[in-house]
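Take a look at the fold below.

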Amino acid sequence: MRKEFMQPELLKSLYYEMVRIRLVEEKIAEHYFEKEMRCPVHLSIGQEAIAVGVCAHLSGDDYVLSNHRSHGHYLAKRGNLQKMIAELYGRVTGCSQGKGGSMHLIDLSVGFLGATPIVGSTIPIAVGVAFGSMMRGDSRVTVVFFGDAATEEGVFHESLNFASLKKLPILFVCENNLYSVYSPLRVRQPEGREIIRLAEGHGIEAFQGDGNDVLEVYSLTEKAIRKARRGEGPFFLEFKTYRWREHCGPCYDNDLGYRSIKEFQEWKKRDPIKKLEKYILKKGIIKKGDVEDFIHKCAEEIKIAFAFAQKSPFPEKHFLFEHIYAPAERGEV
C-alpha cells in the first residue's frame, strides 16, 4: 500500500504510537539512574517503527512473543503501561508480578505471551503456539520478534524448518540492527549473504525492508499477515534498523569504538518518527500544535505510570513460589 493511499487516521495512529514508545523509553532512561529499577533494560529507541508497523495489523486474539528488547513490542500490542513500568520496578502490580523485570514481560490479556533474554529462545515457543492454532483451526496469527544474532542459533533453523513443513500461521520478524552487543554482522556472518536467504532456504517466503520506515513495515506486514491468515504458511520479514543507545542500559556508548560516530549520525538522520512526521505535516494531516498536545498528554500518562509503580508494594515472600510451575495433578509424584 503506497503512503498516499493510506487513511489519515492510520497515518496519525502509526505516528503517535511511535512517539509514545519513544517518550516512555526516554523516561525509563532518565529514571534508571535513580537505581530503583534493579533489572537490566534494553531500549529500542530508534527501532520503534518495526513494533508499531507490525502490531498495527494484529487483533487482541493474535499472539506476540519477543526478546530482551521488548518494551516497544509490548506497548504496540496494547500492553498496559502502568503494569510494564511497575514490572521494571519489581513491584507486585507489574505484568509479571514483579518477578521478571524488563526482559520477562508477559500479558495474556492482550496476547503478549512473553519475552525472554536467551537469544532465539522464544522462536520455537512461537512455532509451538502457531502449531496449536493450526490444530484448533482458529484464525490467530503468531508473531515472534528477534534480532539478527538469533539467526545464528541452531533452534532458529529447526523452527523455520518445522514451520515451513507444517505451513504454520506464523510471522518471523527479524529486527536487524546490525550488531550483536558489540559485534557487527561482518564478524559473525558471511559477507554478502542477506539474512532473508536463510528463510528462503527453508522454503519460506521472505521480504526485506527498511525498518526505519513505518509505512514500509506496515505494507510488507499486511501482505505477510494476509497469507498467514489464509493458511498459506509462514512468512519471514527482515527489517534493517539501528539502536541509538547502548546494547544494555540507558546510556549512549559510541565512545567504546565498536561503531563510528559517523555511522551513528547517519542512522540518526533516518529517525523513523521524524521521517513520518515530516510527511504528515507536509500533507496537513497533523499540525505542530497537535504534536505538542499529544506529547503533553503522553507525558501525563507516563508520569502517572511511574507514580503508580513507585507507590506499589514489592511482592511478598510467598510470591516467589507462586505461579511459576503448573500445579501437580492428584497422584503425580
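What follows covers the sheet, the helices on it and the cysteines.

This is a predicted model: local features need pLDDT of at least 70, side-chain atom pairs count only at pLDDT 80 or more, and totals for chains, interfaces and linings use all residues. Residues are numbered from 1 along each chain as its sequence is written, and side-chain values use heavy atoms, without hydrogens and water.

The sheet is open and has 6 strands, in the order β2-β1-β3-β4-β8-β7. Its pairing is parallel. Strands here are DSSP runs of E with at least two residues, and helices are runs of H or I with at least four, numbered from the N terminus. Two strands pair if DSSP finds at least two bridges between them. β2 (112-115) and β7 (205-210) stand at the edges; each has a single partner strand, so one side of each lacks a neighbour in the sheet. Neighbouring strands are turned by 15° against each other on average, direction ignored.

Strands β3 (residues 142-147) and β4 (residues 170-176) pair in the parallel sense over 6 bridges. Here T142 stands opposite I170 in β4. Helix α6 (residues 154-166) packs on the sheet and touches β3, β4 and β8 (235-240). Contact means heavy atoms within 4.5 Å. The direction of α6 makes about 150° with that of β4. Angles run from 0 to 180 degrees between N-to-C directions, with axes fitted to C-alpha atoms, for helices over the stretch in contact. Helix α8 (residues 214-229) also packs on the sheet, touching β3, β4, β7 and β8. Its direction makes about 165° with that of β7.

Now the cysteines. The count comes to 0 disulfides, a disulfide being a pair of cysteine sulfur atoms within 2.5 Å. For C174, the nearest cysteine sulfur is that of C55, 16 Å away. C174 counts as buried because its relative accessibility is 0%.

Note on methods. Buried means under 20% relative accessible area, exposed over 50%, partly exposed in between (1.4 Å probe, protein chains only).
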